[in-house]
Amino acid sequence: MSDTASNNGTAQRGGSRLGAATPWIVSIVILAIIPFVFTSNSAITIMNQMAITIVFALAYNMLLGQGGMLSFGHAVYMGVGGFMCVHIMNYVEDYSLPLPLPVLPLFGGLFGLGLATIVGSFSTRKAGTVFAMISLGVGELIAACSVIIVAFFGGEEGVSGDRTYGLPFFGIEFLHQIEVYYLIAFWLLLSALLMFLYSRTPIGRMANAVRDNPERAEFLGYSARWVRFFSFCASGFFAGIAGGLFAINYEILTEENLNLVQSGSILLITFLGGVGYFFGPIIGAVVFTLLQTVLSLETELWQLYVGALFVATVMYFPGGLAGILMMHMPAIRMGKAGLLVMPYIKTVLPAIIGTLGLAALIETIFHIRHAATGDEEMTLFWTTFNSHSVLPWLVMILVTVTGYWLTRRNLPELRRAWHEANTIDGSPS
Amino acid sequence: MRITTRIGVSSVLALAISAGAAFAENIKIAFIDPLSGPFASTGTNGLNQYEFAAQYLVNDKGGVLDGDMFEIVGFDNKISPKESLIQLQVAIDQGIRYIVQGNSSGVANALTEAIEKHNRRNPDSRVLFLNYSAVDPALTNDKCNFWHFRFDANADIKMDALTDVIAQSDDITKVYIIGQDYSFGKAVASAAVEMLGEKRPDIEIVGNELHPIGKVKDFTPYARKIVASEANAVITGNWGSDMLGLGKAVIENGYTGPIFNYYAGSDGITAAFGESGKGILMQVSEGKLNPPEEKALEYFTAFREKYPESDVSQPRITNVIEMLAKAIDQAGTADDVVAVANALEGMEHDSIWGGKVFIRPQDHQAIQDVHILAHTNEGVQIDLDNSEFGPVAVNTVEMAAMDSATTCKMKRP
Amino acid sequence: MSNATPALQIDDLRKSFGKAEIIRGVNLTIGRGERHAVIGPNGAGKSTLFNLITGRFPSSGGKVRLHGNDLTGLAPFQINRMGLSRSFQITNIFPNMSVFENVRCSLLWSRGYKYSFWHIVSKSRELTEAADAVLEQINLTERRDLPAGMLSYAEQRALEIGITMAGGADVIMLDEPTAGMSHSETDYIMDLIRQVTENKTLIMVEHDMGVVFGLADYISVLVYGEIIATGRPEEVRANPKVQEAYLGAALEAEH
Amino acid sequence: MDLVLVNLIDGLVTGLLLFMLSAGLTLIFSMMGVLNFAHASFYMLGAYFAYQISTYMGFWMGLLIAPIIVGIAGAGIERYGLRKVHQYGHVPELIFTFGLALLIEEVVQFIWGKSQMPYEPPEILQFTLFSISGNAIPAYKVFMIFVSIAIFLALLYVLTRTRVGMVIQAALSYPKTVEALGHNVPLVFMGVFGVGTALAGLAGVIAGPVLGTFPGMAFLLGSIVFVTIVIGGLGSLWGALVASLLIGWITTFAASYNVAMADVLIALGFEQPVDLSESAWRDLWSLTLPQIGPILPYLLMVLILVFRPYGLFGKRDV
């Protein structure tokens, strides 16, 4: 957080309104047409999951990125919001109340807000480790409650409802995933827009100020504690909305929605995407969901790769994926991004190939160790080969070593190009 | 990477191109269970058993219908209900019509509800849920539905069998019940109290408690209480590291009576108990591993040859595969799952592990022999964890709980 | 001292850290519109005095009144809302935010935005114009969109002063505004201070005697936690106690 | 009364084990400001290494060698990983250790598989040392107590009687000053990280045989170690000791006494609903102490942080 300057609040003097609205219009268009590109139900299910994670990650980044508060128990706000929504769903069904499904996430948000208000009242007094540890403790306590207080949380089986028993909303019954997708997409846009606008309000700006320098903020008339409290509540609200969306999509909430694993992964998702930029968590959520659902179909070792990815990201790109993208903005503005294309092809491509080679080696070792006796045949990257023969090994080792060697060799060239692309013409370098 | 890798590529394509081509010659069965994370060992082991059973019991014998083969497709649900629902959707999109799952009643509960809703909302792509291990009684009672079949004996049935055995042994006068604090642990405890009260009112229940699931680091305090209560039998539904931790602590602190359990076998647990658990651990389970039937021993030998590191820890898997094959043959189609389900209802089957399996039509619960299996190294031909230790049947209740009541009100399509 | 209630009145203010008594009963009255400099040797407790007045540290005894209102036990943000603003000896800005935003943040409370989440700051012409005006005043318009942390030292000090006075507080406290600056930079800052504190009460701690005598209407001399003299610059300069304790040495060093 | 004594001994074993982890962590945390989420992973590595070594050379060599390997691994990770991340600030550091914990668990699963390891106490210690009214106290537990106490004394000696210890103690309170005095703080950091992780490794070596050696063992212990040092107060070895014992005894006693919430509520004058299954508060009425035992430390931590943010023995804010 320290090095990724958050300039997103800078008002562009006289900046055209259209310019500011462009990303949103593009988002609307993309969200509207993407189900026609990926039409299968499973793709839509995965996109729903992504959208929910995006809302949650954006809400989490209101704390971490914008408020500088590290929470280890944020899943509980999403979870409690979701649980309440399922209960409401069941009430609506039992008593035939006229509550249309599309407004349900709002209730999730309100309950998330309610819980955040209670917890925030004592946890936001201090920032830093005190806050982090209280969030951990509270998160553990509520997660533990989920198996103890069965009446509300339903034990490990959770609580389930049925989204279709409510009243049809303009004739839509939400029987199919695609209907749910558009509902979730609507809420995703609405909450993302609200969260974006929130970061431009006085309290949103002061959240940044308190993150950077709480003491100075105090001498400007703002109580750091109240600023943190309001950020916390707002974050709880949007996390609750994510919970409501979860309830609609999956129609079930369980202990896993509250536990530490969930809280930890949202931290990783947000960080992977980049906490310094508003859109960072969006990238993080998309990438992580793909890794979790698609890569896990590819290999049992997916968590090994995800772990390695996180460690590598934090070591080399602490600004996250968004940080990597934004690093190129100066060069693009100066119209010199073209200088980087060739060096990138020369370094990144071999690096990717080398990494794939390494992954292939790991997979082959895993295969030899764990596959059935006699099952020496394995398929990787559309190629079937015998894992016990020497040739594939040689090929993989060769690919790995060559890939990394090429990367290493071409790295100085990339550095030079990078330097040149980021130097204003005419100025001494 | 076995099958996972092979199907992986196609699953990505399935995301890009609209799937729905169910014209493959193979009849695919989706195995949705944890293949990564803390419960992965049970999951991978189960996947091995399914793959082997499909190969050995069906494909090697010519397949079903006109030579269609079974293909097991593994889906990693990370033991998360949410992930299970996503993977279910992916499986359905790949044209898979048969779902097998077993680990965690929470996941089973999420799946059975999701499948019920899916089948109601999408009559064109209905699927069957063959639950081989989740034993929460509710799944074949209040929460039952037409699409769900359970091949394991549920917790109540096992307890019924167990209490039958306890009722006959006069040495047992004081029983201590301990379990994990969640639905299954509670179901075991309440069934034990109720059934012991009916069958042996003289037995004193000296302890009945729940501990947080997966959070206890050291079971010694619990063991102390058990020893101090002078119990001469312990009943527990614990599994995984909670089972090992509890069992080791209890034995270490000087307890010598039987520990009646549901899941103290395989996944390293048998090996880790080793000599210390001999004569103490008594598992109540279907599937008589030892002494083995001739067919069973052949099956096991072939299995070990292929998977030297794996166990036949869930014998019922062979029943799932064989009975599904039979049902498909009877129905004459693998695409019409209603017909297959109707064929499964009321089916009687001779298990390779001995005894019969009968699918009760009222609730789709498999009724079968339930055994009390002692952890020992004597007379073990089918061992677990390659430890030379394994379960040997000491008592058998035939067709356990055949006439037990069910609250299931099955709605048929 | 035209008004009846002084801008700031300090009665017998004390502060101890453990056994060490740093401020030992300071009495000081600063009238409205006055420019008051507090000087004294290193370790005399000048910064501590500032921190006590602004609520950064709790005092061990005594009272501080701002426009007649007791400040005891109030938090810095409450004191700030009553119309007192301060700068810091070590630059204390929001380094990751742009220069413009630094200034705008300092305007928010005084313009009544408080904890609002229904205003969009960039939509408020009033805010933008006011912040730009401040930037103009502190000569940082060129640097408007740079992260504050990337400014030069003198620019950061200017920004610090800009943030301090932007909120429109009528009592401004500056802690060594020219510390570590070159001569030309000092002159620039001095002009700036003179300009922005027009019609305001200014209290400052300063080492540079040029600045002190150039700016202050009144001077207090703090030595070992006590004020040994207060008065017009020429009176203080003439005071033998001051000369003995501090000023003489300092003046000598000047030349 | 006898049971109380037994529980005291059991709680002591748990507490001292926790202390070996928290001692290293509190040093690392307070010196470097790193919330090392991977600390318990080193504990797990200790157990696995020792198991592997014990299959070739027996338990005792494992006890000797495994912590050293873990310590070297820890120092290496500090040198080539953490130090690089250090410049970015504390949150990236934390994420780094978070990712590291994930990675270590995966690597362990990759190498040793996902099952429990049959890691056993040495034959020579597999007997009952003495019994208190039927409750056996295994010799191995007493051995664990002695090892832990020896480690505590050794740490105390190093920290208070040696030059290195003085530097470390000073660095705990005034990290900047120590650097200004010309001490090689990065080297001290690396050393402390190495020793801290070696201690965690040692805890794993001796705990593995009794608490089980399996891939989830780190996760099981992970957050409780943080709770311990936060309760004890940062940078305080004594605080870590007291908090560890406190948590050891709290969890042991909470697991041992079936205090039922129903009794408490009745004692407070509430009336038990006739039909519990219909009551919205049924879960509260059926609650017992052992059910909530393991979460009591978290409750304690939240209360302490709200009312005394510097912990029991700490001098500065967490």
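Visitor: In strand 9 of chain B, what is the bridge partner of Ile235(B)?
Guide: The partner is Phe260(B). Bear in mind that this is a predicted model.

Visitor: How many bridges join strand 8 of chain B to strand 9 there, and which way do the strands run?
Guide: There are 3 bridges, and strand 8 and strand 9 (residues 259-261) of chain B run parallel.

Visitor: What else pairs with strand 8 of chain B?
Guide: Strand 6 (residues 174-180) of chain B does, in the parallel sense, over 4 bridges. Within that part of the sheet, Tyr176(B) is opposite Val234(B) of strand 8.

Visitor: Are the residues on the two faces of strand 8 of chain B buried or exposed?
Guide: Buried, on both faces. Ala233(B) and Ile235(B) lie on one side of the strand, with Val234(B) and Thr236(B) on the other.

Visitor: Which helix goes with strand 8 and strand 9 of chain B in a β-α-β unit?
Guide: Helix 8 (residues 240-252) of chain B, and the unit is right-handed.

Visitor: Staying in chain B, which strands does strand 4 run parallel to?
Guide: Strand 3 (residues 98-101) of chain B is joined to strand 4 by 4 bridges, and strand 5 (residues 148-150) of chain B by 3 bridges. Both pairings are parallel.

Visitor: Which residues stand opposite each other in those pairings?
Guide: Tyr98(B) is opposite Leu128(B) of strand 4. Phe129(B) is opposite His148(B) of strand 5.

Visitor: How does the chain get from strand 3 to strand 4 of chain B?
Guide: The path goes through helix 4 (residues 105-121) of chain B, as a right-handed β-α-β crossover.

Visitor: Which way do the residues of strand 4 of chain B point?
Guide: Leu128(B) and Leu130(B) point one way, Phe129(B) and Asn131(B) the other, and all of them are buried.

Visitor: Why does Phe129(B) count as buried?
Guide: Because 28 other C-beta atoms lie within 10 Å of Phe129(B), and the cut-off for buried is 20 or more.

Visitor: Leaving out neighbours within four places in sequence, what is Phe129(B) in contact with?
Guide: With Ile99(B), Leu111(B), Thr112(B), Ile115(B), Trp147(B) and His148(B).

Visitor: Switching to chain A. At what angle do helix 11 and helix 14 pack?
Guide: Helix 11 (residues 260-273) and helix 14 (residues 320-327) of chain A pack at about 5 degrees, their axes 3 Å apart. The two helices are therefore roughly parallel, since angles under 35 degrees count that way.

Visitor: Which residues meet there?
Guide: Phe271(A), Leu272(A) and Gly273(A) from helix 11 meet Gly320(A), Leu321(A) and Ala322(A) from helix 14. By class, that contact has 4 nonpolar, 2 polar and no charged residues.

Visitor: How many residues go into the contact of chain A with chain D?
Guide: Chain A gives 35 residues and chain D gives 35 residues. On the chain A side, helix 5 (128-148) supplies the largest share, 11 residues. The class breakdown of that side is 26 nonpolar, 6 polar and 3 charged.

Visitor: Which pair of chains shares the most contacts?
Guide: Chains A and B, out of 4 pairs of chains in contact. By contrast, no contact joins chain B and chain C, where the closest C-alpha atoms are 34 Å apart. Chain C and chain D have no contact either, with closest C-alpha atoms 14 Å apart.

Visitor: Chain C, then: in what order do the 4 strands of the open sheet come?
Guide: The order is 2-1-4-5, with antiparallel pairing. Strand 2 (20-30) and strand 5 (69-70) of chain C each have a single partner strand, so one side of each is left without a neighbour in the sheet.

Visitor: How many bridges pair strand 1 and strand 2 of chain C?
Guide: 8 bridges, in the antiparallel sense. Among the bridged residues, Gln9(C) is partnered with Thr29(C) of strand 2.

Visitor: What does helix 1 of chain C lie across?
Guide: Helix 1 (residues 46-53) lies across strand 1, strand 2 and strand 4 (61-66) of chain C, at about 65 degrees to strand 2.

Technical notes
Residues numbered from 1 in each chain as written. Chains lettered and ligands numbered in written order. Predicted model: local features only at pLDDT ≥ 70, side-chain atom pairs only at ≥ 80, totals over all residues. Axes fitted to C-alpha atoms, helices over the stretch in contact; angles between N-to-C directions. Parallel < 35°, antiparallel > 145°, perpendicular 65-115°, else oblique. Contact = placed C-beta atoms within 7 Å. Nonpolar A, V, L, I, M, F, W, Y, C, P; charged D, E, K, R; others polar. Buried ≥ 20, exposed ≤ 12 C-beta atoms within 10 Å, placed from the backbone. Pairing = 2+ DSSP bridges. Right-handed = clockwise from strand over helix to strand, strands pointing away.
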